[in-house]
Amino acid sequence: MKDKHRRPKSGPAAPAKAKAHARPAVKAEAPRAAASRPPAPNREPRPAPEAPARPLIRREGEKPAERVPVILETAGSDQYRLIDSGAGEKLEQYGPYRIVRPEAQALWQRSLPASLWDKADALFTGDTDEDGMGRWKFPKATLGETWPMQLLGVDFHGRFTAFRHVGVFPEQLAHWRWMKEKVEAAGRPVKVLNLFGYTGVASLVAAAAGAEVTHVDASKKAIGWARENQALGRMEKLPIRWICEDAMKFIQREERRGSKYDIILTDPPKFGRGPNGEVWHLFDHLPLMLDICREILSPKAIGLVLTAYSIRASFYSIHELMRETMRGAGGTVESGELVIRESGPDGGEAGRALSTSLFSRWISA
């Protein structure tokens, strides 16, 4: 299914619609009507959840050890940093550009003066919802649609999209560093599955570290963007399979085939649609998705990572789900939040921590 937070296209003046990855290219929330209430005129009712392709497996054995709460923090670098936040917005540095975007979690007041915020190169205006559409304004001069960036040694394109996202979610650096270290230290071939893979930065990090990668996303535009990123870094020879398909359908087929992976990254949206109209609702489908991921982990699996954005839930909800899913597998489940630390205009200050998402991660050792 499409990603929740990603979607590119078009130039800055009139950015086209893009993906639904990580956060799918779809409306962020579709209201749920009560079962007894007839649909409103001219409005298509929400379809009932599809019957599971197979029942959930009742897991036996001890639950994995646990570590909670765990806060994984991303600090600033020369390519990305959170400069300041507050009053429902955040000021960030992406490569050469300073960008202002909505941020509902920034409940406090700004630390830095308005004169610094006013010098931003681009600001997103419009719907402040996670997947709301809007437009970019360029106070100084109109900027091109894309620009080059680099994180963890991987080159990729930033892009001004119609959905306020720019092609990378820097808080994920905490997971990517962990994955990179695990792949490099494995001393054996490692297979990585990246579900809802968006623009492919995580896939490129894994492949550059020596992994064989399968990247799955339902958005053709996101897959195209990922391939552009691969070409930008001259990484075409790295072993990456780019799969444009509904994530649930893909893993169900992999389970039937007996395919196995050592690391699985999954970053599903709260709501999305696949390329053939498949419907994804996080709370309806997440248990089965994790259950299937458990089945396609290899006997020498390294880890299973889940990130959840923009949902009304505690990290304990996905923590307990992950522990139940991984009963009898040993290892540890650590869960908590991903945060980004403000580092000021020059990257030398340690300011407030901005929470971006929930996560749960099973690690074998």
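Biologist: What joins the side chains of glutamate 334 and arginine 67?

Modeller: In this predicted model, a polar contact of 2.6 Å joins the two side chains of glutamate 334 and arginine 67. The side chain of glutamate 334 also makes a polar contact with that of arginine 361, at 2.5 Å.

Biologist: And is glutamate 334 buried or exposed?

Modeller: Glutamate 334 has a relative accessible area of 6%, and because the cut-off for buried is under 20%, glutamate 334 counts as buried. Leaving aside residues up to four places away in sequence, glutamate 334 touches Arg67, Val70, Phe359, Ser360, Arg361 and Ile363.

Biologist: Which strand is glutamate 334 in?

Modeller: Glutamate 334 sits in strand β18, which covers residues 332-341 and pairs in the antiparallel sense with β19, residues 353-363, over ten bridges. Further along, glutamate 337 is opposite leucine 358 of β19.

Biologist: OK, zooming out, what is the order of the strands in the open sheet?

Modeller: The open sheet has eight strands, ordered β3-β18-β19-β17-β14-β11-β12-β13, with mixed pairing. The edges are taken by β3 (65-74) and β13 (240-244), and since each has a single partner strand, one side of each is left without a neighbour in the sheet. From one strand to the next, the twist averages 15°.

Biologist: What packs on that sheet, then?

Modeller: Helix α5 (residues 247-257) does, touching β11, β12 and β13, with its direction at about 150° to that of β11. Helix α6 (residues 282-295) lies across β11, β14 and β17, and runs at about 160° to β17.

Biologist: How far apart are the end C-alpha atoms of α4?

Modeller: They are 18 Å apart, which agrees with the 18 Å that the 13 residues of α4 (residues 220-232) should span at 1.5 Å a residue.

Biologist: And what caps the N-terminal end of α4?

Modeller: Serine 219 does, with a side-chain oxygen 3.3 Å from the backbone nitrogen of lysine 221. Just after α4, arginine 234 takes a positive phi of about 55°.

Definitions and conventions: Residues numbered from 1 in each chain as written. Predicted model: local features only at pLDDT ≥ 70, side-chain atom pairs only at ≥ 80, totals over all residues. Heavy atoms only, no water. Pairing = 2+ DSSP bridges. Helix = DSSP H or I, 4+ residues; strand = E, 2+ residues; numbered from the N terminus. Axes fitted to C-alpha atoms, helices over the stretch in contact; angles between N-to-C directions. Contact = heavy atoms within 4.5 Å. Expected span 1.5 Å × (residues − 1). Polar contact = N/O pair within 3.5 Å; in protein donor to acceptor, adjacent residues only side chain to side chain. Buried < 20%, exposed > 50% of the residue type's maximum accessible area, 1.4 Å probe, protein only.
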